[in-house]
Amino acid sequence: KFINPSKFSLMNKQSSFQQSSSQSQFANLMALLNVEDSDVLSTLKTVSYKKHDYVYLPGEAAQQLYIIKEGRVKIGNHHDLGKEIIKSVLIKGEYFGESSMIGQNARPDFAIAMADTELYVMNREKFNELLLAHTDLMHFMIKTLGTRLMNMERRLESFVFKSSRTR
């Protein structure tokens with residue numbers, strides 16, 4: 001496909017913003033997870049994935065939340081016609097798989113490493129324990145989920161109300 005160079009520079013600016021925003025989220029999340037010198041991160045298991053390895057697939061058991069220590073992860077679905085729908089691309093410090101923490105038993109989407117990636121893995125019990133012990137972490141997670149929801153709504157509105165040329 002042909003990419004208009006002016007749109008490409010805009011995409012780079014958005015990507016830079018996303019990275020700086022994500023870096024501040026990473027700092028906030030890391031500070032929250034290391035509260036009261038408990039060093040929560042050191043108690044979490046880490047898992048490594050090579051580029052193009054799936055972290056999980058649709059329908060798999062949803063039992064863990066992931067925090068990106070290094071690398072990038074794409075979250076998406078495959079449409080019935082075989083097309084890939086990208087929900088988000090996440091970088092260092094961002095988390096995913098949170099639907100498992102709110103009672104969803106099966107993954108609705110896939111997660112795939114876009115580069116060599118290292119993830120922290122947190123199970124439901126540990127997540128609930130942390131939320132109960134640290135309300136600031138709960139507020140951070142709610143704020144992040146709210147932001148993701150608003151961004152998805154904006155993307156949906158863009159597809160519904162704007163012409164393909166304007167998008």
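Author: Of the chain's 167 residues, 33% count as buried, meaning under 20% relative accessible area with a 1.4 Å probe and protein chains only. This is a predicted model, in which local features need pLDDT of at least 70 and side-chain atom pairs count only at pLDDT 80 or more, while totals for chains, interfaces and linings use all residues. Residues are numbered from 1 along each chain as its sequence is written, and side-chain values use heavy atoms, leaving out hydrogens and water.

The chain has three helices and eight strands, assigned as DSSP runs (H or I, at least four residues, for helices; E, at least two, for strands) and numbered from the N terminus. Their order from the N terminus is α-β-β-β-β-β-β-β-β-α-α.

Lys 74 lies in strand 4, which spans residues 72–78. With a relative accessible area of 15%, Lys 74 is buried. Its side chain makes a polar contact with the side chain of Glu 84 at 2.9 Å; such a contact is a pair of N or O atoms within 3.5 Å, and within protein one must be able to donate a hydrogen and the other to accept it, with residues adjacent in sequence counting only if both atoms are side-chain atoms. Neighbours within four places in sequence aside, Lys 74 is in contact with Glu 84, Ile 86, Ser 88, Val 89, Phe 110, Ala 111, Ile 112 and Met 114, where contact means heavy atoms within 4.5 Å.

Across the chain, 76% of the contacts with a separation of 6 or more are between residues 24 or more positions apart.

Technical notes:
Buried means under 20% relative accessible area, exposed over 50%, partly exposed in between (1.4 Å probe, protein chains only).
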